[in-house]
Amino acid sequence: MKITSRTALLLTLPPLLWAGNAVVGRLAVGSMPPLLLNACRWSLALLLLLPLGWRALRRPRDLLLRWPYLLLLGLLGVGCYNAFQYLALRTSTPLNVTLIAASLPVWMLLLGAALYREKPRPNQILGALFSLLGVALVLSRGELSALAQVQFVPGDLYMLLAVMAWAGYSWLLARPPASMQGAARPVWGWAEFLLVQTVCGLVFAGSAAGIEHLSAAPVQWTPWLVLALLYVAIGPSVIAYRCWGLGVAQVGPTLAAFFGNLTPVFAAILSALMLGIWPQWFHAAAFILIAAGIVVSSRLR
């Protein structure tokens, strides 16, 4: 399939914005507790989505009929994934975080086999092994021989939890329950569906931030922190979601996955420019392995 320059831009912009979210998040968690950062991010995103998706709230019966599914989507996609990512950035680097996130195909295969009886193909298993090896390189800091004795940085473990949550979220989107299928389901556009998920996710994100507030240090408000909040609410939360949806609709998820793997590359560049954290040899090797895993696993039988 031929990719136009417009489609390439649509699929390149989200990885850049998501990489920026990792770098800006790393800077912001020094001034604001991570769970509060997540709650503020999605509260601002909610305000931005309301003018676009408010129609979804006009029929509360549609929400009440599907509340378990919508709450679970909100918990995993808004409440867990982003909260764990910001927790990870307190002790891990943006580059490590985005490389670990690239192991998503592994967890997608495991959840698909365990919960949906989706038997993985041999090439998918091989691709998953490549991805696992790349993640192992990052977690062991390039010393695979010492992997058995490696001491994980807490942020690495938080990011693994985040990726697991996102895998569950993705499967729920791909295989919704019967209440979300058929002619009776609500006709929601992208903004309406994201608004509903944000409302449900803020139930958990707000509660977690409230518990965190009991022991967290006070927020150090600065003009830069306000700009950082605006960025993570507008760029990675709204613009990236919309551009990715348009791009995937034009070329399909398989081809789009190659663009998604640009996130660690952009994270490495932004980390070097903004944080002075230069990538090591094992970061490049891990990226090559993860990219090879995606190429192998996406090949048709």
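## Burial and surface

A residue is buried when its relative accessible area is under 20%, with a 1.4 Å probe and protein chains only. By that cut-off, 46% of the 301 residues of the chain are buried. The chain exposes about 15000 Å², of which carbon and sulfur atoms supply 69%.

This is a predicted model, in which local features need pLDDT of at least 70 and side-chain atom pairs count only at pLDDT 80 or more, while totals for chains, interfaces and linings use all residues. Residues are numbered from 1 along each chain as its sequence is written, and side-chain values use heavy atoms, with hydrogens and water left out.

## Secondary structure and contacts

The chain has 13 helices and zero strands, where helices are DSSP runs of H or I of at least four residues and strands are runs of E of at least two. Among contacts (heavy atoms within 4.5 Å) between residues at least 6 apart in sequence, 88% join residues at least 24 apart.

## Helix 6 against helix 8

Helix 6 (residues 104-115) packs on helix 8 (residues 154-174) at an angle of about 55 degrees, and their axes are 9 Å apart. The crossing of the two helices is right-handed, meaning that the near helix is turned clockwise from the far one by less than a right angle.

On the helix 6 side, the contact is made by L104, W107, M108, L111 and G112; on the helix 8 side, by L160, V163, M164, W166, A167, G168, S170 and W171. These residues comprise ten nonpolar, three polar and no charged. Gly counts as polar here.

How values were computed. Axes are lines fitted to C-alpha atoms, for helices over the stretch in contact, and angles run from 0 to 180 degrees between N-to-C directions. Buried means under 20% relative accessible area, exposed over 50%, partly exposed in between (1.4 Å probe, protein chains only). Accessible areas come from the Shrake-Rupley method with a 1.4 Å probe; for residues, only the protein chains shown count as cover.
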